[in-house]
Amino acid sequence: SKCLSVVNTCFKLDPNRALTITKGIHDKNKGSRRIAKRSHIIQYPSLLQRKSSLAVLFLFLLIVGLLNYFLLPLVRRSFLMKVSSSIGRTFFSKNTIRAATLSKAAMTSLASTCASLAMPPIGLGTYGIPPSSVPQAISTAIASGYRRIDCAPVYFNEDAIGDALQSEFNSGTIDRKDLFITSKLPGPFHHREHVEIAVRKTLNDLRLDYLDLYLIHW
């Protein structure tokens, strides 16, 4: 219809001119059809835009993933620490433990745990004590009222602690039943088949028949 209107207009002016304009419009339409057939050429800009959008989406998801991996655990840990600290303060304030006092009464009093295990709330930690200083440390601690001794194979002094304990038992200073002795399962022995070996090694080093508490050491 566009060609006819142009032709009619041009015929009124000049027939030769009308043919020239009609031919130009026809060639233009043919060119448009050729371009339309090459649809993939026309699609290039939108494809680039899509790739750009995908790149932005990937970057956004990457940032969210990194925040979730690094930041959220810290926030979660901080929140749990605050909650556990609050619960701990409430629990201990309702019980007989008074952490600020290091009197013999506090060290020899017993705290009831969830497993109904009688455990002195304050004890001697043996981490970092050189084997040569263990006898004096154990003797002084027992004389001061400590009844709980915390040990571990990775402290590399359990054999010295065992000798010091036997010395105290033999001298009649204290009996084994009056002490609460803890040791731990070291990291390389967390597999089921290694636990008994580790326990027997600890009992042999400490020169004891049993432990009051055995923890998994991470």
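## Lining of the second largest pocket

The residues that line the second largest pocket divide into six nonpolar, two polar and four charged. This description rests on a predicted model. The space in this pocket amounts to about 180 Å³. Its lining consists of Pro153, Phe156, Asn157, Glu158, Asp159, Pro186, Phe189, Ile197, Ala198, Lys201, Thr202 and Asp205.

Two helices, H6 (158–171) and H7 (192–206), each contribute at least two residues to the lining of the second largest pocket. The largest share, five residues, is supplied by H7.

## Asp205

Among the residues lining the second largest pocket is Asp205, which is placed in helix H7. Asp205 has a relative accessible area of 17% and is therefore buried, the cut-off being under 20%.

When residues up to four places away in sequence are not counted, Asp205 touches Glu158, Asp159 and Gly162. Of these contacts, Glu158 and Asp159 also belong to the pocket lining, and Glu158 and Gly162 are among the buried residues of H6.

## Helix H6

Helix H6 comprises 14 residues. From its first C-alpha to its last, H6 reaches 20 Å, close to the 20 Å expected at 1.5 Å a residue. Just after H6, Gly172 adopts a positive phi of about 80°.

The buried residues in H6 are Glu158, Ala160, Ile161, Gly162, Ala164, Leu165, Gln166, Glu168 and Phe169. The elements that cover them include helix H5 (134–144), strand E4, strand E5 (180–185) and helix H7. An α-helix has 3.6 residues a turn, so residues three or four places apart point the same way.

## The parallel sheet

Strands E4 and E5, which are among the elements covering the buried residues of H6, also belong to an open sheet of four strands. The order in this sheet is E3-E4-E5-E6, and the pairing is parallel. Strand E3 (124–125) and strand E6 (213–216) are the edge strands, each pairing on one side only.

Strand E3 pairs with strand E4 (residues 148–150) in the parallel sense over two bridges. Leu124 stands opposite Ile149 in E4.

## Overview

Helix H7 connects several of these features: H7 gives the largest share of the pocket lining, holds the buried residue Asp205, and is included in what covers the buried residues of H6.

Technical notes. Residues are numbered from 1 along each chain as its sequence is written. This is a predicted model: local features need pLDDT of at least 70, side-chain atom pairs count only at pLDDT 80 or more; totals for chains, interfaces and linings use all residues. Side-chain values use heavy atoms; hydrogens and water are left out. On a 1 Å grid over the protein atoms alone, a cavity is a set of points where a 1.4 Å probe fits but cannot get out, and a pocket is an open set with protein on both sides within 12 Å along at least five of seven lines; lining residues have an atom within 4 Å of a point. Grid points are joined across faces, edges and corners, and a volume is the space filled by probe spheres set on the points. Ala, Val, Leu, Ile, Met, Phe, Trp, Tyr, Cys and Pro count as nonpolar, Asp, Glu, Lys and Arg as charged, and the others, Gly among them, as polar. Two strands pair if DSSP finds at least two bridges between them. Buried means under 20% relative accessible area, exposed over 50%, partly exposed in between (1.4 Å probe, protein chains only). Contact means heavy atoms within 4.5 Å. The expected span of a helix is 1.5 Å times one less than its number of residues.
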